[in-house]
Every structure is written in C-alpha cells, then in structure tokens.
Amino acid sequence: MSDIIQLLPDHVANQIAAGEVVQRPASVVKELLENAIDAGSTNIKLLLKDAGKTLIQVIDNGKGMSTTDARMSFERHATSKIQKAEDLFNLNTKGFRGEALASIAAIAHVELKTKQDSEELGTCIKIEGSKIVSQDFISTSKGTSIAVKNLFYNIPARRNFLKSDTVETRHIIDEFQRVALAHPNIAFLMHHNDNEVYHLKSSNLRKRIVSVFGTKMNEKLVPINEQTDIVGIEGFVAKPEFSKRKRGEQFFFVNDRFIKSSYLNHAVVNAFDGLLEQGSHPSYFLYLTVPANTIDINIHPTKTEIKFDNEKALYAMLRATVKHSLGQYNVAPVLDFNR
Ligand code: ADP
Ligand code: MG
C-alpha cells in the first residue's frame with residue numbers, strides 16, 4: 001500500500017480559488033471597491049491602465065490596516081468581517097469570505113499601502129504569486145491603496161482568454177456603476193489611462209443616477225417608496241415610454257448590494273402590465289432593505305445571487321408597489337430633485 005494524497009501548498013490552493021473569484025479585471029475591481037466600502041471610506045478612487053490588464057488600483061480613505069493585519073489580509077480565509085458560522089446569516093458587510101486578496105495576490109503583482117489614523121507610519125507590502133517580496137514602513141495618508149499589476153501574469157491561458165480592452169472596460173464600468181449606485185453618499189472617481197471616466201460627488205440617489213446615466217435620465221424617473229414589515233422598497237423606475245429594446249439599466253440592490261434576480265425582474269415587468277411595447281424592457285433602480293437574517297448571500301462566490309426567505313411575499317409587494325407608483329405618476333408627475 002502506498003499513500004498518495006497530499007495537501008496542496010497554499011499558493012496552489014490560492015490559485016485554484018482565484019479561478020472562481022477572479023474571472024477578469026472587472027472581478028478585481030468589484031472586490032477592491034467592496035473592501036474600500038467595508039472599510040468605511042467616504043472617497044474612493046479607481047485607476048486603470050489598459051482595461052485593468054496592466055493596472056487596477058483602488059485608493060480609499062477608510063480605516064486602513066495595522067502592519068500585522070496588512071500581512072494577514074493576503075491569507076486565505078482571513079477576514080475581519082465574520083467570526084463564527086452564525087454571522088453568515090446576519091451580514092452587514094460586502095465581504096466575509098476572506099478570499100479576495102489571497103486570490104488576487106496568487107495571480108498578479110500586488111502592492112498594498114495602508115495606514116490607520118492612529119499611526120504615524122503606514123505599511124507597504126509587495127506580493128507576487130502569493131509570496132511577500134518586500135515589507136516596509138512608509139509615510140502615507142490614512143486609508144488603503146491596493147495596486148494590482150499584470151493580472152494573470154503566471155496563468156498565460158487566462159491572460160490570453162481576456163477579451164479586447166473595449167469589452168473588458170465595459171465589464172469594469174458595469175461593476176463600477178453597480179457599486180456607485182449602491183452608495184450614492186460615497187464620492188467615486190474613475191480614471192482609465194489617465195483620462196477621467198467618472199467623477200461622482202457624494203449625493204443622493206436621484207442625483208447619483210443622473211450623474212451616472214446623464215441628465216436626460218432625470219425626467220424619466222418615477223419614485224418608488226414603500227415600507228412594510230418584511231421589506232423596504234425605495235428607488236425609481238423609468239416611465240414606460242422610456243423602456244428599451246436592450247436590457248441593461250435594470251438594477252436591484254438588496255441591503256446595498258447589487259444582485260441579479262430574474263424572479264424579481266419578472267415582478268417589475270409584470271407591474272408595467274400593458275404599458276410596455278412588445279419586447280422592450282423597463283429601466284429601474286430598486287433598493288430593497290430586508291432584515292439581514294432573512295437572506296442567504298453565501299450561495300455563490302461572486303455574491304450576485306441571493307436567497308430570500310420570503311420570496312413570494314417580496315414578489316407580490318414589489319409588483320404592487322411599482323404598479324401603484326406608475327399609477328400615481330399618471331395623474332401627478334413628481335419631479336422633486338431633492339429626494
Ligand atoms: P473579506 O473582504 O471577505 O474579508 P478580503 O480578502 O477581501 O476578504 O480582505 C481581507 C481582509 O483585509 C478584510 O477582512 C479586511 O480586514 C482587510 N482589508 C481589505 N481591504 C481593505 C481596505 N481597503 N481597507 C481596510 N482593510 C481592508
Ligand atoms: Mg473583500
């Protein structure tokens with residue numbers, strides 16, 4: 001008899017996990033932006049070179065990390081966001097898996113600079129293919145900057161599989177928009193190859209939607225607002241005459257997290273009942289707030305699908321609310337810019 005089973009070395013395990021978490025530059029953008037938000041940042045910058053293939057950098061003004069935490073942040077399953085299994089069913093942060101930084105560091109050159117407000121000096125760590133190559137004290141401002149260079153440098157098959165810069169940039173913009181729409185109170189900046197793409201000031205929901213999609217959007221929006229015991233529904237739907245042939249401006253957020261749900265989409269489309277042209281899709285920006293313990297987010301690594309305890313009731317509530325608001329708009333159009 002001979003034994004043949006071995007535990008994989010960490011850097012191999014990380015590379016395998018990276019395959020799930022990091023499909024393309026946009027996945028890195030999502031993870032870094034979410035970490036910046038979880039750190040309580042009020043100002044977040046995203047800098048890109050070559051559609052993120054050469055550089056993805058996120059700079060925040062959040063709470064930063066201690067020197068020890070800065071090293072720990074690259075370990076797999078290392079997180080400050082949950083401690084025990086029950087926490088999974090009461091999440092108030094975007095992250096909780098402790099996998100993103102470990103995965104990213106396994107397949108790119110990463111430079112982390114971070115400083116907590118209470119500290120004089122910050123920490124700079126460089127890591128390549130899961131190995132720390134340098135660690136220094138540096139003087140830097142409060143917050144964290146993570147630069148991810150040469151994504152998939154050690155997995156040529158994945159790198160070659162990336163699409164054109166135009167396509168990869170489109171994916172990044174999609175992720176950026178989702179995060180920016182989920183957090184209108186946070187200021188965001190996005191630069192690509194030294195050109196400004198977005199410059200979003202801290203604002204309210206309506207203004208954020210308008211600054212992302214253009215001033216024409218303002219007149220299209222019908223406000224939605226309904227609070228019940230099981231769900232709060234806020235946001236906007238676009239008037240039926242502005243519905244589109246193409247999908248794309250359909251956004252659901254649940255507890256400030258962008259999610260995809262064909263089930264809830266159906267509820268909204270259904271509420272437009274007869275108001276839509278055949279084959280067109282309504283635009284909407286809908287923010288659902290539910291008790292954290294009534295949803296399960298841990299069903300997919302990218303966390304864009306979630307399970308609701310009260311799916312049927314949500315469907316009914318959403319449909320009724322949108323229908324009601326559309327009806328109201330027909331008699332009295334609302335154009336309150338300060339909502
Ligand atoms: P998760 O977000 O699931 O905890 P990550 O791998 O994304 O896992 O991050 C690991 C840990 O590193 C986080 O739990 C957090 O403590 C710390 N961290 C990551 N990014 C930042 C940041 N921008 N500011 C402060 N802390 C951060
Ligand atoms: Mg994270």
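This is a predicted model: local features need pLDDT of at least 70, side-chain atom pairs count only at pLDDT 80 or more; totals for chains, interfaces and linings use all residues.
Let me start with the strands: β11, residues 250-254, and β13, residues 284-289, pair in the parallel sense over five bridges, where strands are DSSP runs of E of at least two residues, helices are runs of H or I of at least four, both numbered from the N terminus, and two strands pair if DSSP finds at least two bridges between them. Within that pair, V254 stands opposite L288 in β13.

Residues are numbered from 1 along each chain as its sequence is written, and chains are lettered from A and ligands numbered from 1 in the order in which they are written.

Both β11 and β13 belong to an open sheet of five strands with mixed pairing, in the order β9-β10-β13-β11-β12. At its edges stand β9 (221-227) and β12 (257-259), each with a single partner strand, so one side of each is left without a neighbour in the sheet. On average, and with direction ignored, neighbouring strands here are turned by 20 degrees against each other, the axes being lines fitted to C-alpha atoms (for helices over the stretch in contact) and the angles running from 0 to 180 degrees between N-to-C directions.

Turning to another set of strands, β1 (residues 43-49) pairs with β7 (residues 187-192) in the parallel sense over six bridges, and the bridge partner of I44 in β7 is F188. β7 also pairs with β8 (residues 195-200), this time in the antiparallel sense over five bridges, with E196 in β8 as the bridge partner of H191. The hairpin of β7 and β8 has two residues between the strands, and there N193 takes a positive phi near 50 degrees.

Which other residues deserve a look for their backbone angles? D50, which is not a glycine, has a positive phi of about 50 degrees and is found in the loop between β1 and β2 (55-60). With 14 C-beta neighbours inside 10 Å, D50 counts as partly exposed; the scheme calls a residue buried if 20 or more other C-beta atoms lie within 10 Å of its own, exposed if 12 or fewer, and partly exposed in between, with C-beta atoms placed from the backbone. F152, in the loop between β6 (143-149) and α5 (156-161), has a positive phi near 65 degrees, and F152 is partly exposed, with 19 other C-beta atoms within 10 Å.

As for the overall division, the protein is split into domain 1 (10-200) and domain 2 (215-331), bounds that come from an automatic or database domain assignment. Their centres, taken over C-alpha atoms, are separated by 29 Å. Twelve residues of domain 1 are in contact with twelve residues of domain 2, contact meaning C-beta atoms, placed from the backbone, within 7 Å. On the side of domain 1 that touches domain 2, α1 (10-21) and α6 (165-182) each supply at least two residues, and the largest share, three residues, comes from α6.

Finally, the largest nonpolar core holds 76 residues, of which V29, L33, I104, A105 and L286 touch the most other members; such a core is a set of buried Ala, Val, Leu, Ile, Met, Phe, Trp, Tyr and Cys residues joined through C-beta atoms within 7 Å. Its largest share, seven residues, comes from helix α2 (residues 25-38). Domain 1 and domain 2 both give residues to this core, so it lies between them.

Definitions and conventions. Two residues are in contact if their C-beta atoms, placed from the backbone, lie within 7 Å.
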